[in-house]
Every structure is written in structure tokens, then in C-alpha cells.
Amino acid sequence: MGKPTGFIEFGRELPAKRSVEERRLDYKEIEPLGTEDSSKNQAARCMDCGIPFCHNGCPLGNIIPEFNDAVYEGNWEYAYQILSSTNNFPEFTGRICPAPCEASCVLGINKPPVAIEFIEKSIIETAYEKGLVQPRIPNVRTGKKVAVVGSGPAGMAAAAQLNYAGHTVTLFERADQIGGLLRYGIPDFKLEKYVIDRRIKVMEQEGVTFKTNTHIGVDVSADELLKEFDAIVLTIGSTEPRSIQIPGWLTYLGKGIYPAMEFLSQQNKRVAGIDRIADHRGDKYQNGEILATDKNVVVIGGGDTGSDCVGTSNRHKAKTVTQVEVMPAPKYDDKKQPFYTVRDESTPWPLWPLTKRTSTSHEEGCERFWSIAVQEFVGDGQKLTGLRIADITGERITDDGRKVSITENERVVPCDLALIAAGFLHPQQGLIEQFGLETDFRKNIKATESSYKTSLDKVFAAGDCRRGQSLVVWAISEGREAARKVDEFLMGESFLEAKEVGIFNPAFAQA
Ligand SMILES: Cc1cc2nc3c(=O)[nH]c(=O)nc-3n(C[C@H](O)[C@H](O)[C@H](O)COP(=O)(O)OP(=O)(O)OC[C@H]3O[C@@H](n4cnc5c(N)ncnc54)[C@H](O)[C@@H]3O)c2cc1C
Ligand code: SF4
């Protein structure tokens, strides 16, 4: 334990975010790096708990008290070794993870929790700055060939781990660049793309082969892949968006109504200076440019994707930005009643708290409404002009046994751009059908969490395409775990670190 009295002496302090006025003018990240002293003080707050619940809260099993201690001691190299032993990409999670570890931190029972995500970002950025992030090239190659399909965080993690194990790995991606939703979903103001490029360079030096613009199932068939490779890991994400089939949907789709991902991926391409506007699948985009400039924007859906649409619309200089959500507003507002002061009874500590969250995008300007039924897209037949909505005030059972909402206060709100951020249903089915894989009741690829093995021998699945739309931290965790299972399948045993070990093992540290 770094400093026994640290949690009494220091409060939780994070570097000040860039002002709303400044950040609305660009797509640069919002949170600057902290100073070395600020990282050490924050690490000093860790109590090195006998049972570190933070560690359990992290899907990667990050060994948090140990790296906090190393940061407090100023031993950045050791901190980096500990962190990188469980997390291939702390530069992603240190920026955009919702930090379930912090929600389960023991200090967070009645005080602001340890700023674990900030410490994680400090460690990895210091490691890059000090030249500690060096390629880990395996000493021995096994001669086994593995194909990883889909280059989001799950595919990148699986590829990195399988390469460390000595296999010859090719990572296929249908889009023109590597990164999955990190690249063409999550806006630059949350994750600048040099962060992905920097990591890809390291992975290339380590020996991973990247093949972009290669749509498996179209450019290369499932059969060809099965013939050429000893094992295949599918990490194709969950990219089939939920539609809102209410009156007006078919009339105005592409004429004012757009899936959020088309809007967001176009903007990421614009920031990257890629003038070819394609959607996140890399397909040529059919509907022209989608801009929120001078428009009344309504974002339908209250999650992360919706919030990213809010931030992007404000940067486009939309006339108004409104976000509507079908679910009721959570009882507690995390801005006014942080989760360490009061928790919803449904999610006591150390669970992820149910609260109303205000993202950096919401801070930049947006009206938010909960318990909203979206009833009709309204327009002149050519162009969307409004959205008919109503407040949901209750539920009733119909004569034929269906549950329907009771609504009141029906009105039309001005809307010339409706962005659909109502979630994702499942992975696209084409490749799954070509392989002939079994799917679960949600149409995700069927593969258990203990084996990651699909219904087809030598084919594995991980990330959103297996567990459904989730988080980057879960995608990395699944990619790592699946890689270990593939290694076991190919070699009979695996020396890749297992999540459940949970103790820092220097044998797995970077050289
Ligand atoms: C707008 C948005 C914002 C988000 N914000 C956050 C956030 O702030 N924090 C967080 O933790 N999570 C966030 N998420 C969720 C997170 O991005 C995903 O859970 C994560 O990226 C899933 O990783 P994955 O590797 O499983 O799939 P993906 O990232 O979806 O990657 C799948 C890749 O497979 C490729 N692919 C698919 N089929 C084929 C094929 N047949 N051949 C070749 N390539 C193929 C796709 O092109 C894609 O690149 C967000 C999601 C969205 C949509
Ligand atoms: S639960 Fe919080 S205080 Fe305890 S070890 Fe983890 S980070 Fe430190």
C-alpha cells in the first residue's frame, strides 16, 4: 500500500476538462492528461483492500491495487508491466471505459472512489512517452495459422494474444481501416484515432498481418478460410441496427431519418480526411452526406450511441438537439447525487449503479426527455419536418394479452434530422450462414463463455457478435479469453495469462 493515509489526505481530483465553448469547435479529446504528481496523489488514495472489489468489477481482472501502489512509488515501468499483463489496450479503456471498477471500489461506499480510469490512462501514456511500449515478438513460432475476422477491440485483442503465443495471425477487416467501432463509431472527441494507429504499428512489428478491405464471406469465402487456417476467430461485432417501424419510417428513411452509425461513421471519416464517405461497414454510402448543421435534431435512444450523436450534432452547429428515451428517468441524478452518496435499491454497492448519467456531450447542450413514446415521423411526403411523440404514463394489458403503454400529452416536435440510436440487434447474418453456425435466440453466434467455441470445429467467436452489444472492456476481455481457448485447441495447453489467476505474474510481463 502506497500511502496509508492517502484516502484521508487527498480528494478525488481529475484534470479539468476543456471548456464547452472550446471543445464544441473541434473533435479533439476533451480530457487532458494529468501531471505526474496528480497521478501519484490519486493512486495514494487506494486503500489496498484485503478484498479488492475493484478487481472483481473489472471484466479484464485488472490488478488495480498493485498498479496504484507502483504509480504512487513512481515506478512507472512496473505499473505498466502490471497493467499490460491483463489489458492489451489500456489506452482505449483509460479513455472510454465507463469504469465498472470504480463503481465497485470499496472507497466508493461512502466517498468518491479511486480514480482508477485516470490512473490507467496516466500509466499507458507515460509508458508510451518513456518508450516502454515495445513490440513483444515471440521467440518461437508454432507454425499454426489463425485467421481473426473483424478488427474491433475483440479482434485486436485476440490477434495480439495469439501472436504472443507464437501463432501466425492474419486479422481481416472489411472496412478500409482497422479498429471496428473504435474507428468508425466512437467519435474522435472521445478517442482520437492516432491512439489506434500507434497500437497497430506495435502489433505489426510484433508480427500480426492486417488485411483491410477484405470482406470475409464476400471477397474470401468461409470455405477458403477453413481450408487455409488451423483456427478461425470471429469477432465481427453486433452491427445490425434496431429500426423504428412506426408510420412515416419508410417514407422518410434516407430523407431525414438515418441510423446513428451512418451519421457517426461519416463524421469520423471527415475528421480523418477521408473524402470517400462510406458507412461503418466500408460500403459506399448511398444517401449522401448527413449533416446536422442548422437542423432540429432529435436523437432517438438514450445510450452511448445517442450521446455521441448529441456531441456530433452540436459540433455540426445544429439549431436544436433533443434526445428522447422510452425508459423512465432513473431516480437519482449522478450529477446532483453521486452514486457514493445514494444508490438505487436495485443496484447496491458493488454493482454498477442505476443513475441518470450526464455525458460530456450532454454538458455541451441537449434537451433530454424520458418515458417517451415515438409515434410517427411527420413531413410533406418528401422531407421530414417533425416527430409525433407522447409521454408514457403507464401500461395496460390488451384483450389479446399484449402489454401496451398508456400515453398522454401527444405533440409534434420539430425534427428535420432523426438519428436512430435504439441499439443493435445482432451480428449481420451472411457470414454466419456461410459457415453454417448455430446462433442463440437473439441471433448472436452461439459459443459458451467457457470455451468460445462455435458449433463448427476450429471456429471460435468473441466480443459483441457472441455476447451482444456491450463495452470495449468486455470485447478486449473476450478477445483475450478466446485466444487462450484457441491456443489450447491448437497446442493442447496454453501459457497465455488466464483472467481468473488475478495475481501479477512477472512471466507475462513485457520484456
Ligand atoms: C457509437 C458507439 C459508441 C460507443 N461508445 C462506447 C464507449 O464509450 N465505451 C465503451 O466501452 N463501449 C462503447 N461502445 C461499444 C463498443 O464500441 C463495442 O462494444 C465494441 O467495439 C465491440 O467490439 P467488437 O470487437 O466485438 O466489435 P466491433 O468493434 O463492432 O468490430 C467488429 C468489426 O468486424 C468487422 N466485420 C464484420 N463482419 C466482417 C466480415 N464479414 N469480414 C471482415 N470484417 C468484418 C466490422 O467492419 C468491424 O470493424 C460504443 C458503441 C457505439 C456503436
Ligand atoms: S477497491 Fe478501491 S480502494 Fe480498494 S484496492 Fe481497489 S481501488 Fe484500492
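Helices (H or I, at least four residues) and strands (E, at least two) are DSSP runs, numbered from the N terminus. By this count the chain holds 20 helices and 13 strands. The radius of gyration, taken over C-alpha atoms, is 23 Å, close to the 24 Å that the globule rule (2.2 Å times the number of residues to the power 0.38) gives for 511 residues, so the chain is as compact as a globular protein of that length. The C-alpha trace spans about 65 × 60 × 50 Å along its principal axes.

The model is predicted: local features need pLDDT of at least 70, side-chain atom pairs count only at pLDDT 80 or more, and totals for chains, interfaces and linings use all residues. Residues are numbered from 1 along each chain as its sequence is written, chains are lettered from A and ligands numbered from 1 in the order in which they are written, and side-chain values use heavy atoms, with hydrogens and water left out.

The surroundings of ligand 2 were examined next. A residue is near a molecule if one of its heavy atoms lies within 4 Å of it. Ligand 2 is surrounded by 14 residues, and the closest are Cys46, Cys49, Cys54, Cys105 and Val106. Two elements give two or more residues to this shell: helix H4 (53-57) and helix H5 (64-72). H5 gives the most, with 3 residues. For residue classes, Ala, Val, Leu, Ile, Met, Phe, Trp, Tyr, Cys and Pro count as nonpolar, Asp, Glu, Lys and Arg as charged, and the others, Gly among them, as polar. The shell around ligand 2 has 12 nonpolar, 1 polar and 1 charged residues.

H5 also packs on helix H6 (residues 76-84). Their axes are 8 Å apart, at an angle of about 165 degrees. Axes are lines fitted to C-alpha atoms, for helices over the stretch in contact, and angles run from 0 to 180 degrees between N-to-C directions. Angles under 35 degrees count as roughly parallel, over 145 as roughly antiparallel, 65 to 115 as roughly perpendicular and the rest as oblique. H5 and H6 are therefore roughly antiparallel. Their crossing is left-handed, meaning that the near helix is turned anticlockwise from the far one by less than a right angle. Contact (heavy atoms within 4.5 Å) joins Glu66, Phe67, Ala70 and Val71 in H5 to Trp76, Tyr78, Ala79, Ile82 and Leu83 in H6. By class, this contact has 8 nonpolar, no polar and 1 charged residues.

A second pair is formed by helix H10 (residues 153-164) and helix H12 (residues 194-206). Their axes come within 10 Å and cross at roughly 25 degrees. H10 and H12 are therefore roughly parallel. The crossing is left-handed. Met156, Ala159, Ala160, Asn163 and Tyr164 of H10 touch Ile196, Arg199, Ile200, Met203 and Glu206 of H12. This contact has 7 nonpolar, 1 polar and 2 charged residues.

Helix H3 (residues 36-44) and helix H9 (residues 116-129) also have axes that come within 10 Å, crossing at roughly 135 degrees. H3 and H9 are therefore oblique to each other. H3 passes H9 in a left-handed crossing. Ser38, Ser39, Gln42 and Ala43 in H3 meet Phe118, Ile119 and Ser122 in H9. The residues of this contact divide into 3 nonpolar, 4 polar and no charged.

Most residues other than glycine have a negative phi, and most peptide bonds are trans. A cis peptide bond joins Trp349 and Pro350, with omega about 5 degrees. Asn213 has a positive phi, near 50 degrees.
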